[in-house]
Amino acid sequence: MSKEFSYKRAFDNVQVTENFKNRVLNNVRQAQKPISRQYVTFKYAIYALAFILLLSFTVATTVEANEYNEAIEFFKENELPLEGLTRDETKKVYKDIKLGTFSYEKTEEIIEKITLNVSVTNLTNIVGSEETANLWNNYVADRLLAVHNGIKTTDIINYVDAENNDYLIERYKGLKIEKIVNSEVEWTYFDNAWNTYGEKPRYTQTSYGTYVYGVSYVDRDTNEYNYKGEKQFIIELFDNDGNVLWRKTSATYAINYPFTYSSCAVYADENGVTLFGRIYEDNDCYITMIKINKDGEPIWHIKNHYPVDMAPESACKYKNGYLVKLGNYEKGQVVFMSDDGKTIEQKTFDIDGIRYYPQDILNIDGKVYISAMAIKVFKDDDITGDINRLIFDEKKDAEKLPITLNDGEALKKVREIYDSALLVLDENGNLSAVNITKHARAGQLYFRDGNIHQQVKYIDAISYAVYNSRPFDLVESEYIFRFDISGNVIDETKWGVIVEWFPVRFEPFNK
Amino acid sequence: MKIIVDNELIEKSFERYAPMLLRIAYQDTQNQADAEDAVQFAFMKMLEKRDFEDENNIIAWLIRVTINKTRNIVLSPWRKRNAQFKEDMWATPDYESMEILDAVKKLPKKYGTCVYLHYYEGYTIKEIARLLGENENTIGSRLIRARKKLIPFLKEDEQL
């Protein structure tokens, strides 16, 4: 049965009956002349008078005034639009958000309006107030992570009608790149060479300009940007006025390798850029290191075989070489590469029966900060045994999952598995601090206002994902932990609730 | 040239638009009597209008008044207490249709109106935006979300 037919058939019985037609038309004829304009005017005058009296009364009460002022402050603080809202609606929206109920329809309208401008990728299957709450959390998160000094990138996406007008297509238009200095936009550049589909580009600043780099989707056959195409790496250098000095893609740096880079980590300094990439040769994975001058031209390169298929995601200076963070879904590793690229070794962090899986790294003034998942090693003789496979299993086919746990049991297991950690290595590479947050998952690192900010996702709930092929959804409270440069916790701020899928199979627990 | 409101215009508008307005109202009320009340209200309200800019203006105005009245009726405390005692000659013809109406009913009201205008009446996103006085992107976004929300409730071959 076609979709249109099913939908339309539901209305088959809804028709104008003779009785109804006669009733309406008789009423219209009996009314004959339009209702007196004077009556209408009088009626509205009464309404207006009553409204003014009511408004005067309510405004006079201090409690009401305070509530309203609070609401206005809240609107200003969060840059919410006040247009079109009455005083009462403003207060209701304020209360609705503060109480976290998200049930008032004006709240939904406002949040929809502001979040559509921020992102159009947050479409979920959660209905009603949950969806509104989710949109709001994303909005707050975006604002908290807003760039005050640095480069801000925003995907520009439009919805357009398909030719048959039966559905909408997302059209990726490009990337807006802005340099922010003390919360003010210094320059803006719109670049349609990008097609990130949510994989946010990174940047690094030098005295001579700013490198923006990341992954873009491209169709190899047509060379047009398309989300169905393959990823390629883009790096571009902006001068201090926001002009693009050069833009290079993976193909530039393929050199003699039969591959285009899909992911790269970049370390930039006054001499140029050191680029870390992943290539494949004869089904083997290699980590490459390419030095590039300030004009974007490759001047030296080396490749090293690497036994695990992982992509470089971030890099920083370390001793006489570099630390490169590799990643693949949930997996994370850090490798050390000497400056001449001849030494390559995996850095493992095993402390007191716990292995730390790096998620992000930062180097600030010689100290290295590592955001990592702290995973207990369950078997002394097999550190990468069942438990690691359990956590990092990438099979997501729900039909194959031997799920025998209920939500409560599953939550307990998952919370037992995960702790979030911040590791600090001093200038000599020695571990100088470890901070652990129980029952949480580690996220990204940011350096802002002289402090280290770590994203920490505390696991609140877990539920079987009914409507998709993923085994579980995790509901997490997302926090930003602030650390001083020695790795001591300053404070923590909750900034939202997120829902993520969970790639774990529970088979090993049942053995 | 402006269209002056008189009985002839109202009767003509009733013939043309009453079926659509009833379906829009019914989608929200799920109740024949309430849907008829909302539509009758719109045509009686039309008497108070002096004129319209053009034909599009008439249909847009009628849809807005019907939707607003429907919302008032649906939110009325009286209706909440008494709705279950009313008879409904428009009860859905079969289980499948009932499932679809039920799924649409679970959508936020404004999503349901967009789905109806797009999939039943065949209005384009641009036209719906004009009729409802909304931004095109907002309507587009609502249609996408509505479709996503309907997926769990519908069988695969009935997904909009």
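Which residues does Thr437(A) touch, not counting residues up to four places away in sequence? Thr437(A) touches Asp419(A), Ser420(A), Val456(A) and Phe481(A), where contact means heavy atoms within 4.5 Å. The structure is a predicted model, in which local features need pLDDT of at least 70 and side-chain atom pairs count only at pLDDT 80 or more, while totals for chains, interfaces and linings use all residues. Residues are numbered from 1 along each chain as its sequence is written, chains are lettered from A and ligands numbered from 1 in the order in which they are written, and side-chain values use heavy atoms, with hydrogens and water left out.

**Figure 1. Overview of chain A.** Chain A contains 10 helices and 24 strands; helices (H or I, at least four residues) and strands (E, at least two) are DSSP runs, numbered from the N terminus. Of its 511 residues, 47% count as buried, that is, under 20% relative accessible area, with exposed meaning over 50% and partly exposed in between (1.4 Å probe, protein chains only). Chain A exposes about 25,800 Å², of which carbon and sulfur atoms supply 48%; accessible areas come from the Shrake-Rupley method with a 1.4 Å probe, and for residues only the protein chains shown count as cover. Among contacts between residues at least 6 apart in sequence, 49% join residues at least 24 apart.

Figure 2. Strand 19 (residues 418-425) is joined to strand 20 by 7 bridges, and the two run antiparallel. Within this pair, Leu425(A) stands opposite Leu431(A) of strand 20. Thr437(A) also belongs to strand 20, and Thr437(A) counts as buried because its relative accessibility is 17%.

**Figure 3. Two loop residues with positive phi in chain A.** Most residues other than glycine have a negative phi. Asp365(A), however, has a phi near 50 degrees, a positive value. Asp365(A) is found in the loop between strand 17 (354-364) and strand 18 (367-376), and its relative accessible area of 72% makes Asp365(A) exposed. His439(A), likewise not a glycine, has a positive phi of about 55 degrees. The loop that holds His439(A) lies between strand 20 and strand 21 (440-448), and His439(A) is partly exposed at 26% relative accessibility.

Figure 4. Strand 9 (residues 272-281) and strand 10 (residues 284-293) run antiparallel and are joined by 10 bridges, with Phe276(A) opposite Met289(A) of strand 10.

**Figure 5. The hairpin of strand 8 and strand 9 in chain A.** These two strands form a hairpin with 2 residues between them, and their antiparallel pairing extends over 6 bridges. Asp269(A) has Gly272(A) in strand 9 as its bridge partner. Strand 8 is largely enclosed by the rest of the structure, because 5 of its 6 residues are buried.

**Figure 6. Surroundings of Asn240(A).** Asn240(A) is placed in the loop between strand 6 (230-238) and strand 7 (244-249) of chain A, and Asn240(A) counts as partly exposed at 38% relative accessibility. Not counting residues up to four places away in sequence, Asn240(A) touches Glu186(A), Trp187(A), Ser207(A), Tyr208(A) and Gly209(A). The Asn240(A) side chain reaches the backbone oxygen of Ser207(A) at 3.2 Å. A separation of 9.5 Å is found between the C-alpha atoms of Asn240(A) and Thr206(A), which are 34 residues apart along the chain.

**Figure 7. The largest nonpolar core.** This core has 56 residues, and those with the most contacts inside it are Phe43(B), Met46(B), Leu62(B), Ile63(B) and Leu117(B); a nonpolar core is a set of buried Ala, Val, Leu, Ile, Met, Phe, Trp, Tyr and Cys residues joined through side-chain atoms within 4.5 Å. Elements giving two or more residues to the core include helix 2 (18-31) of chain A and helix 3 (55-75) of chain B. Helix 1 of chain B supplies the largest share, 11 residues.

Key:
Pairing = 2+ DSSP bridges. Polar contact = N/O pair within 3.5 Å; in protein donor to acceptor, adjacent residues only side chain to side chain.
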